[in-house]
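Have the viewer open as you read.

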Amino acid sequence: MKKTKHSNDLEVKKMELRIRQLEQEKKIRINWNELKEHLNPESFIKEKLTEKIFAKSSTGDLLSDALGYGAGLLSRKFTKLADEKIESSIHRGVEKLIEKLNPVFHKK
């Protein structure tokens, strides 16, 4: 390490060290956030599903790859549609229950 002859040199060195410290803290923060995101179960499952969908098959058959990809898309669409249907039927059931219970509570 160089000897410092002036107080200004010392201040410059302190400033350089502070800048290095802040840069390293920023890298640690970024790495920590990436690690948290990677270990999140939801993102882990999405990553694995994406790998399965876009992974090249061992046989390399284009037709089977296309069919697999299409099946994945259709299953997601059917799941979304089923979810919407179930949710709407639950809402209808709750509304009917409210209609039946309304007169009972208004009489009192």
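Lys14 is partly exposed at 49% relative accessibility, where partly exposed lies between buried (under 20% relative accessible area) and exposed (over 50%), using a 1.4 Å probe and protein chains only. This is a predicted model, so to speak of local features pLDDT must be at least 70, side-chain atom pairs count only at pLDDT 80 or more, and totals for chains, interfaces and linings use all residues. Residues are numbered from 1 along each chain as its sequence is written, and side-chain values use heavy atoms, leaving out hydrogens and water.

Lys14 pairs up with Glu11 in a salt bridge, meaning a side-chain nitrogen of Lys or Arg within 4 Å of a carboxyl oxygen of Asp or Glu. The structure has 2 of these:

| Salt bridge | N to O distance |
|---|---|
| Glu11 and Lys14 | 3.9 Å |
| Lys13 and Glu16 | 4.0 Å |

Glu11 and Lys14 sit 3 residues apart in helix α1, so about one helical turn separates them. Helices here are DSSP runs (H or I, at least four residues), numbered from the N terminus. Lys13 and Glu16 are also 3 residues apart in helix α1. Glu11 is partly exposed at 47%, as are Lys13 at 36% and Glu16 at 41%.

What about confidence? The chain averages a pLDDT (the predictor's per-residue confidence, from 0 to 100) of 81, and 88% of the residues score at least 70.

Note on methods. Helices (H or I, at least four residues) and strands (E, at least two) are DSSP runs, numbered from the N terminus.
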